[in-house]
Each structure stands twice: as structure tokens, then as C-alpha cells.
Amino acid sequence: MALARRPEIVAWVLLAPATIYLVILFVAPLVQVLILSFTDPKVSTAHFVRVFTAPLYLRTLGVTFQAAFTVTVACLLLAYPLAYVMARVKGRLGIILLAIVGISFWTSFLVRTYSWLIIFGNRGPIAALYETMGWGEMPRLLFTAFASTMGMTHLMLPYMVMALYAVMSRIEDNYVRAAHSLGATPFAAFRTVYFPLSLPGVINGSLLVFAIVMGFYVTPQLLGSPQSRMISQIVAEQVQDLLAWGFASALAVVLLVATGIVIGIYNRVAGLDRLWGD
Amino acid sequence: MTKSMKPTTRRTFLKGSAAVAAAAVAMPNVITPSRAQSKELIVNTWGGSWTAAENESLFKPFTAKTGIAIKTATPVTYAKLKVQVQTGNYEWDVSNANPPQLKLANAEGLIEPLDFNIIDKSKLRVPIYENTLGFIALSTLLVYRTDKFPNGGPQSWADFWNVEKFPGRRCLYDRAFTCLGYAMLADGAALDKVYPLDLDRAFKKMAEIKKHVRVWWTQGNQSQQLIQDGEVDMIAMWSARGVESIEKNKMPGQVVWNQAESYGSGWYVAKGSPRKEAGMRFIDFVVQAKPLADFCKILPYGPLNPDSFQFISDEEGKRMPTYPAHAKIAFTPDADWLLPRLHDINERWKQFIAT
């Protein structure tokens, strides 16, 4: 009896540190945010009423979803061919590509965001190109929704590449070869064999990028415009400038729930259990 | 200092003896905590050229006079102040802030009441505001490029709004009450009638200029970059930044003091700070005529101590918001009126410029 139960006990013991860590550092503060949203400065649902009645917040939430969706799709389109090459090409090129993605991954978000300030700036390479080619005045790039989206796509690209690469590197070349030998064209082989096998990577990467972009702050703040303001920027203003922690908490709760709903729908459609393979 | 007496357990005993051993080894070079507390003060500051100016004009003379060493913590966030007071853990002791936030912080009980046993009220030459000592005035005003307007540029907010007479790319500060104040003036309100803001009137006037505003800036260095690089031709920006762009960075430009928005910032001690005595001495020191004048000579903000102008030449004074001729033609936001409405105004503002 005692012996039969042992593996379970061992599992619990192994899980305990991570569980305790999560409860103290993640669940407890989250519960506090939830409590604040209903109690600060007094007990009421006024904050939530305001979030859903003043047009600003739902609009900003919409902008946030839109940005997260755009960045996810852009990352997927850019990362898929790259990860494909990385996984299929053996030897030096694969290692070089992996190193490039890795270095970009490990470089600080802030540094990479600031680099866009230079690239898009009036004395940056794009401005210089316009000048040397005599194309006239450069279109305004900095402090636009475009710059913000571009910056976030750049920051999130390595996440998508890694997620795809992890899955693609395990897809055996033999599967595709088998398809070829059975008469499939290269495109048909890709469509019917390779792509379905790479889907867990697509799902995983998209979810990762989407969820992170939903909470982005620094990049839209530094590169974006008032029109492209995201929900976390509003939360930060409430926390820092207005000291309105109750309202900020309510916004955070709405963001969390909204993101949760999207992930829930995604789970229904795509099946999150596929994330961890079969 | 100690919160409660705890029975000595084996672990705390071990910790304690380890600390004693370590201290014994390092002894000649360490200051014990109790001494350190009165001999150092941590100032919350913005960093960059601001902190460099503070260091030169305020921190060094203060340390020389009192022996209290100054450390700094950046950046300035009101949220941190609130956390400090709530948790009783102090990363910094003193800071300075601007009116809407100051009033907010004081209303929430985050500011230590001024201690007039340390601060000599009879010798004080600066205004007292919300438990803070007035330090400098900051102006946000119109700056234009003289290469774009060689025959004289816009001289008022009515001119800024006049896109036929002064064609060019415009740029405004993404701060609701500042722009709404300008809109009131552009619509013909007198300087002393800007507040209380007529919100409907001001928003209506803002709607006229909105499509001509190329950028809404949010950070000080961004405003400088926009006007210096010629990306915009006229801008509402902080006066000291404008002066720096023209004098130091050689931008062909003009600062317009007429109808500037100007308000004072104040120094305060965080409520419950363990070093509040040193903090009170510090804020009393930095608003004295000389250190304050020295600060404003490095960064041309306006000293709120009128005696500071004894140490400032007329040439230098003309760069400052509190120079008498400039102060006369500026307006000051009414923080008492603004504070209870700030949330609504900001909300309406953000919706307005986002759509």
C-alpha cells in the first residue's frame, strides 16, 4: 500500500517548490489585484462599469488585440521559412542562423527597441537612403502605429522561430522523401506531410507571441503614437501618474480575462494539448 | 529601529555570529548601520543631466556643510512612493514633484509634514505647497524654428492655431491640461481666465488644430529631437529643453515666453522615512538662494526663491520662467480645480487624440 503510493508522493515533492513559488509570486499578487479592483478606494463595481462604459478602454483593448494579432501573423510569416531552413539545412549554415536568432533573443528588449529609434529617426539609414536617392522627404515612421508594430514583431520573432524550430527539427526527412517517392510534388509533400507535422510549433509560437504582445508596454510607449496606445500603457499611467491602483487593477483584470477568453477559444479550435507533442 | 524582540533560534544565532565575524574582519572600513542612518540620505531623481546638475549645485555643497552623504535612486515614480509608505521599506527618502501629483500624493498621506523645528520658517523665502518646499518653476511653452519663420514666427497660441498665417508642421505635448490651457488662450481667454477650464470650449478649440498636429510627444528628449531635426516647425515644449536646443545644440530657434504654462515643483520627504531629519535639513538647504541659483544656472529652470536672482546675471535670468518679465505673461494651472477632475479629463483627452 505504502509502496504503491510512493510515486505519487515523489511527484508531489518534486512539484512542491514550483507550486509554492507560483502561489506566492503569481497567484497571491493576482488575487490581490482582483481584490484591489473591487475595493480601492472603496468597495464597489464602479471601476468595471467605467471600463465598459467609457469608450476609451474598450477601444484601447481593441487596439491591443489588433496589435497582438498583427504581430503574431507577421512573426509567423517571417519565422516559418527561416525556421524551415534552420531545421532542414544541416551543418554550418544552420548553426550560423541559430546563433543569429539566439543573439537577437538574448539582447535586451530595451536595447532592441531603442535601435528602432535610430533606424526610423531623421538621421537614420532610411532617411539617408531617401536623401541619397533623391526621393524627397521620408514618410513619418517614428512614433506611429507602424513603428510600434515593427518593433514588437522584431522583438517577438525569435520566440516564434524557436517554437517552430523546436518542432521542425524533429520532423524526419524520411517522411517528406516518402511522400516524394509516392509521387507527391514538392508542394503537395509540404502541404500534406510537412506542414501538418509542424503545426504544434505554429500553435505554440502563435500563442506565446500573442500572449506576450497583449501585455506589451515599452515598445508602444517608445515607438508608438497616442492612436496606437495599448492597454498596459493606460494601466501604467493609472498606477504611476494618477495613483489610481483600483482602476488600474480593474483594467488589468479585464485584460487578463479577455486574453484568457481568446486563449480558451484558441484551445477549442487548435487544441492546446498538441503543444507538448503527442 | 527593531520591530519586535524575537527569541533567538539557532538559525538567527548563526546568522548573527556570521555577521559579527564578517564585521570584525572588515571593521576598519565599515560604518555601523546606526551611524550610517544619520550620515546618508537617498534622493529620488530623474537621472541624466538633471541629476548631474543636482549633484553639482545641491548635493556637494550639502554634504560639505553637513557631512551627510547623498545617494541617488532613479527614476521618479509616484507609485514607488506609495509602495514605500505602504510597506515601510524605503529605497529613497526625499524627492521633488509637480503640482497635480504633489497634491495627489499629499492627499493620500504619502508626504511627511514639514518639521519647522528643523526648517526655520522665519528665514524661508520660498512658497510652501502641500507639505513641500517650493523649488523651481517649470514652463511649457511655444518654440519655433527661425529658419522656417525668418520674419518672425507665432507669438501666441492664437498664432499657433492660425495655420494660414503660420503654415508648418506642429507638435504638442501629450498632456491634457497643458494643451487644454493653450486652447483656452487660443480661443481668446485672458491669462487669468484660463482656469477653471471650460472643457467643452477647450476641446472644441482643440478639434480645430488636431489634424495639423504631426506628433504628440510624451518624453522630453523626444520633443527636443523633433524640433532640432526639423521634423516639426513649431512645438510646445519645456522651456529649459528649448533653451538647451537653441544654445547648446545650436538649433536656429526662438523661445516664446508669452502665454507659457508655468508651475512650481516642490521638495518633500517621504512619509515615515527613517532618515526624515536629514531629509528635512536637505530640503531646507536646497531652497536657499545660493544652491537654488546654482542649479538654475546649470539647467535654466526658474528659481522660486526671489533672492536667488542676486546670484544670477540678467543675461542668465532671461532664460528662466521666474524672470519677472516672463512670469507676468505666463499662466499657472489650478491644481485644486484640476485634481478631482484629472481622471475624467485624461480619459476624455486620450479618447479625443486617439480617434
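Predicted model: local features only at pLDDT ≥ 70, side-chain atom pairs only at ≥ 80, totals over all residues.
Two packed helices are described by the angle between their axes and the distance between the axes. In chain A, helix H3, which covers residues 55-88, packs against helix H4, residues 92-106, at an angle of about 135°, and the two axes lie 8 Å apart. That angle makes H3(A) oblique to H4(A), because angles over 145 degrees would be needed for the pair to count as roughly antiparallel. The crossing in which H3(A) passes H4(A) is left-handed. On the H3(A) side the contact is made by Leu82(A), Val85(A) and Met86(A), which meet Gly94(A), Leu97(A), Leu98(A) and Val101(A) of H4(A). Of the residues in this contact, six are nonpolar and one is polar, while no charged residue takes part.

From this helix pair we turn to the interface between the chains. The size of an interface is often given as the accessible area lost when the parts come together. Between chain B and chain A the buried area is about 2700 Å², with carbon and sulfur atoms giving 52% of it, and the contact involves 33 residues of chain B and 27 residues of chain A. Within the area that chain B buries against chain A, His343(B), Glu347(B) and Lys350(B) supply 21%, more than any other three residues.

Charged pairs also join the two chains, with a count of five salt bridges between chain B and chain A.

Notes
Residues numbered from 1 in each chain as written. Chains lettered and ligands numbered in written order. Heavy atoms only, no water. Axes fitted to C-alpha atoms, helices over the stretch in contact; angles between N-to-C directions. Helix = DSSP H or I, 4+ residues; strand = E, 2+ residues; numbered from the N terminus. Parallel < 35°, antiparallel > 145°, perpendicular 65-115°, else oblique. Left-handed = near helix turned anticlockwise from the far one by under 90°. Contact = heavy atoms within 4.5 Å. Nonpolar A, V, L, I, M, F, W, Y, C, P; charged D, E, K, R; others polar. Buried area = accessible area lost by both parts, 1.4 Å probe. Salt bridge = Lys/Arg side-chain N within 4 Å of Asp/Glu carboxyl O.
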